[in-house]
Amino acid sequence: MTHSHVAHLKKEMVPYEKSNIKTSIKQILNTILPVVLLWIAAYASLSVSYWLTLPIAIVASGFVIRTFIIFHDCCHQSFFKSRRANDILGTITGVLTLVPYQQWKNSHSIHHATSSNLDKRGVGDMWVMTVDEYIAAPLMQRIAYRIYRNPIVMLGLGPIFIFVLTYRFNRKGAKRKERMNTYLTNILIVALYALLCWAIGWQAFLLVQVPIIFVSGMLGIWLFYVQHQFEDSYFEHEDEWSYVLAAVEGSSYYKLPKLLQWMTGNIGFHHVHHLSPKVPNYLLEQAHNDTPPLQHATTITLRTSLQSLRFRLWDEERKTFVSFKQIKHLLKNPAAEAVKPVKNRRPSVQGK
């Protein structure tokens with residue numbers, strides 16, 4: 001892709017980088033209000049049967065995901081034109097989703113600036129090792145990596161570890177504004193939870209809130225994982241890394257059924273979002289449909305996305321993710337030939 005192609009593709013996103021106040025307010029109403037109403041319904045259903053409460057809580061967790069997408073847009077200053085409005089709403093939705101606004105905003109900005117860059121991993125992304133790194137790593141590091149990449153750990157323990165524990169503390173070297181926002185978020189969460197426990201009792205509170213936190217956290221981790229961990233993704237070292245290629249080839253188009261697409265705030269159009277974070281979530285689909293080069297991005301579905309669970313390591317030589325099983329022979333004989341090449345590779349965005 002030439003510099004002129006890159007400039008042209010980024011220029012094509014400009015018309016979509018404009019929020020609409022009416023659409024944004026409408027989205028607040030059809031997202032946060034249902035969270036409140038479904039929470040009340042889940043609590044009321046406790047007097048009937050917990051088997052009725054759980055389905056309601058699962059639906060509520062879907063709206064929490066949608067709330068997080070609003071939070072996410074605020075972090076990119078794309079939900080409102082006003083920075084102050086984005087910061088206020090971002091902090092409020094951060095309380096509802098258990099994520100400190102300034103902390104996540106800063107780390108996520110680094111993620112966008114370094115996504116798929118092998119020389120700048122470690123902030124705002126998932127732990128990815130290359131085949132060569134894994135083979136050369138000490139035994140304990142390989143064990144830690146295998147535990148980290150285990151679906152049960154990632155999707156089972158991950159939601160509790162990340163959303164309940166990790167986000168309660170400031171990052172090392174965080175500036176005062178970020179630290180204060182984390183403290184404020186924690187205080188507001190404690191105040192809200194204490195009020196609810198006082199009003200309905202801590203047992204009822206936990207019966208409703210725990211499944212909502214767990215399911216929404218699990219789905220959030222899954223969305224982040226699957227949108228970058230697919231077979232023919234894009235990873236390069238700094239000297240060959242391209243922001244546009246990282247966006248379009250290193251982020252997938254997660255084609256979901258319309259209801260799930262709506263519930264997840266169009267975040268499945270992740271390639272569009274990475275190319276232009278200023279595009280609000282409600283314009284991502286239009287930007288994708290109106291821009292033919294973006295339609296070359298890897299498309300995955302609910303069914304095919306499950307295959308990503310076996311992708312563990314990035315093979316730099318063949319530019320693809322591989323499983324632990326595929327490199328097992330290399331651990332026994334590091335000098336052996338690398339994993340077999342993958343067939344049916346997708347076309348590059350460069351072939352527009």
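In which helix is the place of Leu33? Leu33 sits in helix α2, which spans residues 21–45. The model is predicted. The structure holds seven salt bridges. Three of them are described below, including the pair Glu133 and Arg121.

- Arg146 belongs to helix α7, residues 139–148.
- Arg146 is partly exposed because its relative accessibility is 40%.

**Salt bridge Glu133–Arg121**

- Side chains of opposite charge can pair when their charged atoms come close.
- Glu133 pairs with Arg121 in a salt bridge, and their closest N and O atoms are 2.6 Å apart.
- Glu133 lies in helix α6 (residues 131–136), while Arg121 lies in the loop between α5 (101–114) and β1 (129–130), so the bridge ties together parts twelve residues apart in sequence.
- Glu133 is partly exposed, at 32% relative accessible area.
- Arg121 is also partly exposed, at 30% relative accessible area.

**Salt bridge Glu285–Lys258**

- Glu285 and Lys258 meet through their side chains in a salt bridge, with an N to O distance of 2.8 Å.
- This pair links distant parts of the chain, 27 residues apart: Glu285 is in helix α14 (residues 284–290) and Lys258 is in helix α12 (residues 258–263).
- Glu285 is partly exposed, with 24% relative accessibility.
- Lys258 is exposed, with a relative accessible area of 57%.

- The side chains of Arg171 and Glu178 form a salt bridge at 2.9 Å, N to O.
- Arg171 has 31% relative accessibility and therefore counts as partly exposed.

Definitions and conventions:
Residues are numbered from 1 along each chain as its sequence is written. This is a predicted model: local features need pLDDT of at least 70, side-chain atom pairs count only at pLDDT 80 or more; totals for chains, interfaces and linings use all residues. Side-chain values use heavy atoms; hydrogens and water are left out. Helices (H or I, at least four residues) and strands (E, at least two) are DSSP runs, numbered from the N terminus. Buried means under 20% relative accessible area, exposed over 50%, partly exposed in between (1.4 Å probe, protein chains only). A salt bridge is a side-chain nitrogen of Lys or Arg within 4 Å of a carboxyl oxygen of Asp or Glu.
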